[in-house]
Amino acid sequence: MTSLRWRKFVDRFWTLASAAGVLAALVPLASLLWLVVSHGAAGLSWTFFTNLPAPVGETGGGVGNGIVGTLLLVAIASVIALPVGIGAGVFLAEKGNGRAGELIRFVTEVLSGVPSIVIGIVAYGLVVARMKHFSALAGGLALALLMIPTLARSTEEFVRLVPGALREASLALGVPKWKTSLLVILRTAAGGIITAVLLAVARAAGETAPLLFTALNNQYWNLRADQPTASLTVQIFNYAISPYEDWHNKAWTAALVLLLLVGVLNLLARILSRNRMEGAR
Amino acid sequence: MPQPSDTTAGVGPSPLARAHVSPWGDRAWGAGVSILGGSILVVAGLILAELGGVSLVAWKKLGLLRFLFGSDWDPVQDKFGALPFIYGTLVTSTIAIVVAVPVSVGLALFLSEMGPKQLRRPVGFAIEVLAAIPSVIFGLWGLFVMVPWLRESVEPFLQAVLGFLPLFQGPMIGLGYLAAGLILAIMILPTIASVTLEVLKTVPLALKEGALALGATRWEAIRMAVLPYARPGIVGAALLGLGRALGETMAVTMVIGNAPDIHASLFAPGYSLPAVIANEFAEATGDVHVGALASLGLVLFGITVLLNALAQVLIRAVSRGMSRGAA
């Protein structure tokens, strides 16, 4: 038997080692956040949000079309993904206890781990290869395919959280099953589902890889689904890998804008889910 | 619509009769929801069919073995060998796992077992923030902050201390396998840590309490009671992290150096499967080139699906308590 003092020392050592793990995770995070804010803030101005990108060598210019493009892509993705993702989640929660449910749940889990770049190839094959040109529709479809599994999983989770007594009470009052699902269960789970939607949208807005060869990019404003579209993320990528100092600065500023967008969505989701939790208790 | 009188006791038809009032609403709802559920399978089928469809040209033209094990990649001369990308993906993911698993397990243990309670919430929040940062921003930070740091401090240090190993020889340019592996480690850390945390929560309290009651220190209780029980789940968490690392695109593309070569040195620039797809797909020079890139995607898809399926099985095994034999 080793001495107590030695065993206590070992205990202390591993406690410190686990604390080192925390530090190893927090230092890069702090560095990243600080640099995005400090480098990015210098370039912030009203015109950065409203103007088109300026050509190399010209000062000024912004990422207005990128912001609009990201919103357009996310909107297209949401129109496709919300009904399918939420519907599939409701299916898993209400009818998902059989064989088919198990299979679909498993496929959903596996799909949510498929790399986004692979999904980009799928959207390319489905839309770009058939239409013979890049388009916002292809980019939106890629983002939708990424959102569906996530949405289905979290919707299932939130619907299952609704107390069974609510459903029983509604059925006992003679309300048909479909109305119970729609007006009682889904309405109770609505806060959670909205949280899930906000998180999925935030993730989609930050995606770059599947957009590179679906939505491509665009130097100008675009609101049409069948045209190539700029996006904030692809813009950041192009600025970052360019050889120009000025464009590097713009990459940092655009990164700050993207981080703010994603941050606001996440914050909203957090506030909503907290209110919901407190309301339920 | 059921009439209000239906629900008052003793008046109107029997409550059982109500089932016949309108079966169509229920049927339509059931069918609609089932179709949406089934659409998940359709999505999976579409993914498989399109990947196969786009890459078919390349499979026919190039041949499987020559494609997978060829080390020449020169689209202009129609040479497509996938080996440099497969190699780069494996090397960078290995670095990521080797760095991220101990850090995330430490992090999860700190949050669930060892750290002061007041720190748990803020640290947990920070990890959520880390998970929410878009990959292109990691790439930006990696390119302008981490790469210069590696070039000027870390790589010279490693070469001075471990330079006798081929891993740490050669010119130090910052961009390369090491940079890509480290940025991946940071990115997959939240995944591994949060899944590990979930797994640790499922460990029965009695196991730990038993160890503590027998006089174990906190670490001994973790090592002898908690970790053996949670081990399959932690392996599952690592596999999930590995799946993310293999498919992660933007950050790697920005720091790996994008050179389709195979080097023993971790300091050398390389290439990865997702990175070459990201860089070349939009400007691919013909059907075979597109097909070859899509085939790389198919390889990536196959590996990640297998890894994820395995990870799910392991994680479920722990949360269902089937891992008792593993202790």
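A crossing of two helices is left-handed if the near helix is turned anticlockwise from the far one by less than a right angle, and right-handed if clockwise. With that in hand, helix 4 of chain A passes helix 2 of chain B in a left-handed crossing. The model is a predicted one, in which local features need pLDDT of at least 70, side-chain atom pairs count only at pLDDT 80 or more, and totals for chains, interfaces and linings use all residues. Residues are numbered from 1 along each chain as its sequence is written, while chains are lettered from A and ligands numbered from 1 in the order in which they are written.

**Where the chains meet**

- Chain A brings 77 residues to the contact and chain B brings 73 residues (two residues are in contact if their C-beta atoms, placed from the backbone, lie within 7 Å).
- Helix 1 of chain A gives the largest share of the side that touches chain B, with 21 residues (helices are DSSP runs of H or I with at least four residues, strands are runs of E with at least two, and both are numbered from the N terminus).
- That side of chain A holds 53 nonpolar, 16 polar and eight charged residues (Ala, Val, Leu, Ile, Met, Phe, Trp, Tyr, Cys and Pro count as nonpolar, Asp, Glu, Lys and Arg as charged, and the others, Gly among them, as polar).

**Helix 4 of chain A against helix 2 of chain B**

- These two helices pack at an angle of about 45°, with axes 9 Å apart (axes are lines fitted to C-alpha atoms, for helices over the stretch in contact, and angles run from 0 to 180 degrees between N-to-C directions).
- Helix 4 of chain A and helix 2 of chain B are therefore oblique to each other (under 35 degrees is roughly parallel, over 145 roughly antiparallel, 65 to 115 roughly perpendicular and the rest oblique).

**A pair within chain A**

- Helix 3 and helix 6 of chain A pack at about 30°, their axes 6 Å apart, and are therefore roughly parallel to each other.
- Their crossing is right-handed.

**Chain B as a whole**

- Chain B has 12 helices and two strands.
- Its C-alpha atoms fill a box of roughly 90 × 65 × 35 Å along the principal axes.
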